Amino acid sequence: MAIPVIDFSKLNGSPEERAKVLAQIANGCQEWGFFQLANHGISEELLERVKKVCSDCFHGEREGEFKNSGPVKKLNELAEKKSGEKLDNVDWEDVFTLADNNEWPSKTSGFKETMTEYRAELKKLAEKLMEVMDENLGLEKGYIKKAFNGGDGDKAFFGTKVSHYPPCPHPELVNGLRAHTDAGGVILLFQDDKVGGLQILKDGEWIDVQPLPNTIVINTGDQIEVLSNGKYKSTWHRVLATPDGNRRSIASFYNPGFEAIIAPAPELMEKANLEAEQTYPKFVFGDYMSVYAEQKFLPKEPRFQAVKAT
């Protein structure tokens, strides 16, 4: 079983082609929570530069630090004990986040210029995807973007998480990244095209997200689940630690601003039989993030209940 791969360029094709892409994306959101976009409009030349600067940054600025990090020390200690225990509270991941207002790595040639250009392209792609979701859900064009921005402004948060999962000497004892759902809105992942490890949970089974060159993996976060009144559910996913290869993972996320008020779209509430359909609370996104920070790797339903009670 493989997650859907969609040719996004056909969205601008004939009416029949466009209708097919809309249906494929609806199915990806509704049945999977994950899908891959090919021909998404971001040039291969830019993607190759992104690969290079992120690899150069890891090897030139971060690899040495990772070798002396807490996860490495804890794993070595556990392996020496030979107790069979697993490291359940750490991830085998080197990670940093890029945002408009934080400090970026500065020693890698071309890093800032390349990643600034890349993030601008990804943000435009996220907004196109949200318009497709609006259309598929029967909402007015721009509804999700407006909800995330708290109105007509530009208050949504767009961040990029740059991760590497180095070769792990004891992959059976630790996760690359523990299973979780994403807290925010729309997530756009440029994953490694050679080293696998990303898996999603579907129908009780962990399924590999197949590495494909120059595709962008899309998944929906908890806030899309709320806005869609549960029609598009956020999906559990994880990254396995592997003994070989150095997995690159660049995840960009279009999230609500911290003051944005998130609730199921009224049109979807009206369509639902309120006695039969699950409804979600109305909350401020910043309040949800406070709960999520404590419960990221725990079941998500109590997060919604906790924020309902605040």
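Q: How many helices and strands are there in the protein chain?
A: This is a predicted model, in which local features need pLDDT of at least 70, side-chain atom pairs count only at pLDDT 80 or more, and totals for chains, interfaces and linings use all residues. Residues are numbered from 1 along each chain as its sequence is written, and side-chain values use heavy atoms, with hydrogens and water left out. Helices (H or I, at least four residues) and strands (E, at least two) are DSSP runs, numbered from the N terminus. The protein chain has 9 helices and 14 strands.

Q: Is strand 12 mostly covered or uncovered, and how many of its residues are buried?
A: Buried means under 20% relative accessible area (1.4 Å probe, protein chains only). One side of strand 12 holds Arg247, Ser249, Ala251, Phe253 and Asn255, the other Arg248, Ile250, Ser252 and Tyr254, and all are buried. Strand 12 (residues 247–255) is thus mostly covered, and the buried count is 9 of 9.

Q: Which residue in strand 12 does Phe158 stand opposite?
A: Two strands pair if DSSP finds at least two bridges between them. Strand 5 (residues 157–165) runs antiparallel to strand 12, joined by 9 bridges. In strand 12, the residue opposite Phe158 is Tyr254.

Q: What share of the 310 residues of the protein chain counts as buried?
A: Along its principal axes, the C-alpha trace spans about 60 × 45 × 40 Å. Of the 310 residues, the buried share is 52%.

How values were computed. Buried < 20%, exposed > 50% of the residue type's maximum accessible area, 1.4 Å probe, protein only.
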